[in-house]
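Please consider the backbone geometry of the model shown below.

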Amino acid sequence: MIKFCNIKNNPMNDLNLIRIFLLLLAFVFSNSLEAETEPNDSFETANRESYGSNITGTIMPASDVDYFKIALPRAGTLQASLSNVASNLNLELIIYDASESQIGKAFSNSEGDINFNDIVCDAGDYYFLVKNRPFTGSESNQPYVLSINL
């Protein structure tokens, strides 16, 4: 049984409860939910994740960067999303091909989410970097969710 506690007259509590609920739904209805492991701060130490899984990570401390390596099983149009981003973070998602050349970059919107759906990719390995935008310096232990599909 899950119980929620709410302190009256604080709209941030409601927002945080909604985020927790959405993260719980993502876990229940996803193919799998994989948590990042540190260190994953470079191409060499990138977490290898399963295609089609939802990946959780945090930006702690503010200088933290998270690299993920995912093998796309076939060619197609990449659909990458970053959701459940803490409201105090201003993140960017950068996509690299197997030769570590940047092929896409996007910034979080006012709701914190990032969505890619216009990059055509061949089958093979790709890297996904999640990090704070320059000069933003915020951190959060609230896990973001990175989803990669074709």
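Where is the place of Pro61? In this predicted model, Pro61 lies in the loop that runs between strand 3 (54-59) and strand 4 (65-72). The peptide bond that joins Met60 to Pro61 is cis, with an omega of about -5°.

A cis peptide bond also joins Glu38 and Pro39, and its omega is about 0°. Pro39 belongs to the loop between strand 1 (33-35) and strand 2 (47-49).

Asn84 is a residue other than glycine, yet its phi is positive, near 60°. Asn84 sits in the loop between strand 5 (76-83) and strand 6 (91-96). Is Asn84 buried or exposed? With a relative accessible area of 13%, Asn84 is buried, because the cut-off for that class is under 20%.

Glu100 likewise is not a glycine and has a positive phi, of about 70°. The loop that holds Glu100 lies between strand 6 and strand 7 (102-107). The relative accessible area of Glu100 is 36%, so Glu100 counts as partly exposed, a class that falls between the limits of 20% and 50%.

Key:
Residues are numbered from 1 along each chain as its sequence is written. This is a predicted model: local features need pLDDT of at least 70, side-chain atom pairs count only at pLDDT 80 or more; totals for chains, interfaces and linings use all residues. Side-chain values use heavy atoms; hydrogens and water are left out. Helices (H or I, at least four residues) and strands (E, at least two) are DSSP runs, numbered from the N terminus. Buried means under 20% relative accessible area, exposed over 50%, partly exposed in between (1.4 Å probe, protein chains only).
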